[in-house]
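Please open the structure in your viewer and keep the selection tool at hand.

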Number of protein chains: 4
Amino acid sequence: MEDLIKKVREFRQERNWDQYHSPKNLVMALMVEAGELAEQFQWLTEEQSSRLQPDKLAQVQEEIGDVLIYLVNLCDKLGIDPMDAAREKLEKNREKYPAAKVRGKYFKYSEYE
Amino acid sequence: MEDLIKKVREFRQERNWDQYHSPKNLVMALMVEAGELAEQFQWLTEEQSSRLQPDKLAQVQEEIGDVLIYLVNLCDKLGIDPMDAAREKLEKNREKYPAAKVRGKYFKYSEYE
Amino acid sequence: MEDLIKKVREFRQERNWDQYHSPKNLVMALMVEAGELAEQFQWLTEEQSSRLQPDKLAQVQEEIGDVLIYLVNLCDKLGIDPMDAAREKLEKNREKYPAAKVRGKYFKYSEYE
Amino acid sequence: MEDLIKKVREFRQERNWDQYHSPKNLVMALMVEAGELAEQFQWLTEEQSSRLQPDKLAQVQEEIGDVLIYLVNLCDKLGIDPMDAAREKLEKNREKYPAAKVRGKYFKYSEYE
């Protein structure tokens, strides 16, 4: 991840794009890319989405790359470590959704106690 | 990243949530979380978005965590390496937006030649 | 629609919120609300999404209301008539996806000629 | 609005697309179109977003048209009247954000009492 952060930062600075990369704009760009990712899936059934053709999968991989690039840019601007963010949130989710109580159910814990 | 992938997979399997985690659903969840991230920024000016208060920053970090968790889940289901996806896309972007030509401009290369 | 536009405008002005309602911010808010709408559907199967329980349906209706409110606000700020926008786009889509050629298929026309 | 609903329904049925138009898929499509709308604004300042060039404005109008078309499709499938949804939500927002208390502030009422 450190290597990717460095590469993303260089890419931005070589192009003098810091001026456009406010956290607000980066979040908006992230949503735009997430939309392009969703576009690949919108008319597929869930089952079809699990067995993508190679061409489609390559396209999906590119869109995933874009989402992660903007996420890393955003984190870099905000001084957030993306891996820490994910790990800490996962720990929090462990408490929010205790495995023993939510096995096979997908709702907020408070909804089905 | 390997460690995070492993943790995310365990979390999902302990809860028997694989049944809900079709790539299509994960993309939708990713967009929902990206929306929650955007909610933190929607009424801020760009300038305000660059100097978040500690409480707000902590909330933003959680939402970033959620986005990355779903992105990793999606990649795991599709057999995509997220870091490779970002690195390869960044390379592609280098060709698409040559630094010498796009310095300080933020448009598709084809738009301003 | 004229009545809704008028109501939305009054609501905004009574609260002195015009200062926050730049088109950019309204688009971001629209995406946030669309995300809240998507949250209601993310773990449902397509089939389940067609037969929502009354409570869920009421919640979905509220989120749809929010999306439309922001869309109307945006149109009001940009001087766009939302109904014209939809009607004109529908006409354009008629040419892009001729019924005789695309019956039962859901791809860009250029993809399957 | 009744006229638009009728046109949207005809368009869908002439193409035999009802099979793809589950509420879940329509919500996903709505988000994708909202993302395309956001793409037009992502690198603009708020101020720039208020004075779009004619070409840009025409593009924005098309994206707004797409968002409304999918919103109307969704409402039609769910048996929701979009105008009622917006009006009822606006009434609810009147109670949630009393004008006398929130003038010029943009936060949840509970955040600043």
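Predicted model: local features only at pLDDT ≥ 70, side-chain atom pairs only at ≥ 80, totals over all residues.

Begin by selecting chain C and chain D together. Here 70 residues of chain C are in contact with 70 residues of chain D. The area buried between chain C and chain D is about 6400 Å², and 67% of it lies on carbon and sulfur atoms.

Next, show the side chains along this interface. The rule finds eight salt bridges between chain C and chain D. To view one of them, select Asp66(C) and Lys89(D), whose closest N and O atoms lie 2.9 Å apart.

Now hide chain D and colour the helices of chain C. The side that touches chain D draws at least two residues from each of H1, H2, H3, H4, H5 and H6 of chain C. Select residues 54–78 of chain C to display H4(C), which gives the most to this side, with 15 residues. By class, the side of chain C that touches chain D comprises 38 nonpolar, 15 polar and 17 charged residues.

Finally, turn to chain B and select residues 2–14, helix H1, and residues 54–78, helix H4. How are H1(B) and H4(B) oriented to each other? Their axes come within 10 Å and cross at roughly 85°; the two helices are therefore roughly perpendicular. Among the residues making the contact are Leu4(B) and Ile5(B) of H1(B), and Leu68(B) and Ile69(B) of H4(B). The contact has six nonpolar, one polar and four charged residues.

Methods. Residues numbered from 1 in each chain as written. Chains lettered and ligands numbered in written order. Heavy atoms only, no water. Contact = heavy atoms within 4.5 Å. Buried area = accessible area lost by both parts, 1.4 Å probe. Salt bridge = Lys/Arg side-chain N within 4 Å of Asp/Glu carboxyl O. Helix = DSSP H or I, 4+ residues; strand = E, 2+ residues; numbered from the N terminus. Nonpolar A, V, L, I, M, F, W, Y, C, P; charged D, E, K, R; others polar. Axes fitted to C-alpha atoms, helices over the stretch in contact; angles between N-to-C directions. Parallel < 35°, antiparallel > 145°, perpendicular 65-115°, else oblique.
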